[in-house]
Amino acid sequence: MKVICVDSERAMSAEAARLIAAHIRVKPNAVLGLATGSTPIGTYEELIRMHREEGLDFSEVRSVNLDEYVGLEPDHPQSYHYFMKHHLLDHIDIKPDHAHVPDGTARDLDAVCLEYDALIRELGGTDIQLLGIGRNGHIGFNEPGDAFVPETHVAELSDNTIEANQRFFRSADEVPRRAVTMGMGSIMQARHILLIACGESKADAVYGLVAGPVTPKVPASALQLHPHVTVIVDMAAARDLGLPGGLFGEA
Ligand code: PGA
């Protein structure tokens with residue numbers, strides 16, 4: 001696991017976008033695993049800038065998103081379909097049918113989950129998977145629990161996540177209780193994993209990710225077992241890692 005500590009959220013976003021863009025330049029039909037939440041917004045802004053100013057070409061890129069709330073229509077402003085269109089997809093030249101987000105409105109969610117893992121396999125696997133991290137160490141909606149769930153599945157949101165995500169809704173009551181999420185195996189099959197985190201509220205989770213025991217109680221800790229992970233954190237999120245700012249560390 002390579003840990004890159006930078007001095008600002010802006011630098012984190014720029015470095016993350018640089019890595020994703022490098023994948024696309026080397027492999028124009030790269031499969032990108034994408035994430036939602038506040039953390040990746042700056043990365044997407046930088047990718048849009050690179051598309052507009054540097055001609056970064058997404059016309060052959062395919063994307064698979066990590067997750068979607070159960071029950072929110074794609075045009076609901078808090079759905080992850082809407083988020084992706086608003087923050088990235090509508091501003092680049094990716095083909096609409098090349099961008100995939102799980103369907104959280106289908107009647108047969110088990111079929112959605114099976115088909116989603118099949119889709120990832122058909123695409124040849126993910127080249128680079130972008131991840132944020134929850135304050136409780138979740139990735140996607142793989143919440144702390146007693147076991148890792150390998151496949152895409154329907155997850156119950158933890159109270160911690162409902163509390164963290166209520167800022168996007170009028171109240172906690174409006175936060176959907178369930179989501180379709182890639183499982184740990186669906187995430188770990190990616191050839192390269194890029195996790196970004198900033199702010200002190202993520203410091204405990206980042207410590208668990210990098211230096212804690214591998215345990216389903218901190219789902220992100222499983223990434224220690226992946227051969228090619230890059231973690232980009234600001235100094236606040238790196239609080240307990242003992243890495244000097246600006247230096248690259250191996251953990
Ligand atoms: P955030 O969410 O980027 O909004 O903090 C990250 C996550 O929960 O994975």
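Author: Let's begin with a cut-off: a residue is called buried when its relative accessible area is under 20%. Keep in mind that this is a predicted model. C198 has a relative accessibility of 15%, so C198 counts as buried. C5 counts as buried too, because its relative accessibility is 1%.

What about bonds between cysteines? A disulfide is a covalent bond between the sulfur atoms of two cysteines. Searching the whole structure turns up zero disulfides. For C5, the closest cysteine sulfur belongs to C198 and sits 12 Å away, which is too far for a bond. The cut-off for a disulfide is a pair of cysteine sulfur atoms within 2.5 Å.

Now for the ligand. Which residues surround the ligand? The set is G37, S38, T39, G132, I133, G134, H138, R167 and K202. Sorted by type, that shell comes out as six polar residues, two charged and one nonpolar.

Some of these residues put N or O atoms by the ligand's oxygens. From the side chain of T39, a polar atom lies 2.4 Å from a ligand oxygen. K202 also uses its side chain, with an N or O atom 2.6 Å from an oxygen of the ligand. With S38 it's a backbone N or O atom, 2.9 Å from a ligand oxygen. As for cover, the ligand taken alone exposes 280 Å², and the protein buries 84% of that. The space the ligand takes up is the largest pocket.

Key
Residues numbered from 1 in each chain as written. Predicted model: local features only at pLDDT ≥ 70, side-chain atom pairs only at ≥ 80, totals over all residues. Heavy atoms only, no water. Near = heavy atom within 4 Å. Polar contact = N/O pair within 3.5 Å; in protein donor to acceptor, adjacent residues only side chain to side chain. Areas by Shrake-Rupley, 256 points an atom, 1.4 Å probe, with all protein chains shown as cover. 1 Å grid on protein atoms, 1.4 Å probe; cavity = no way out; pocket = protein on both sides within 12 Å on 5 of 7 lines; lining within 4 Å. Sits in = over half its atoms within 2 Å of the grid points. Nonpolar A, V, L, I, M, F, W, Y, C, P; charged D, E, K, R; others polar. Buried < 20%, exposed > 50% of the residue type's maximum accessible area, 1.4 Å probe, protein only.
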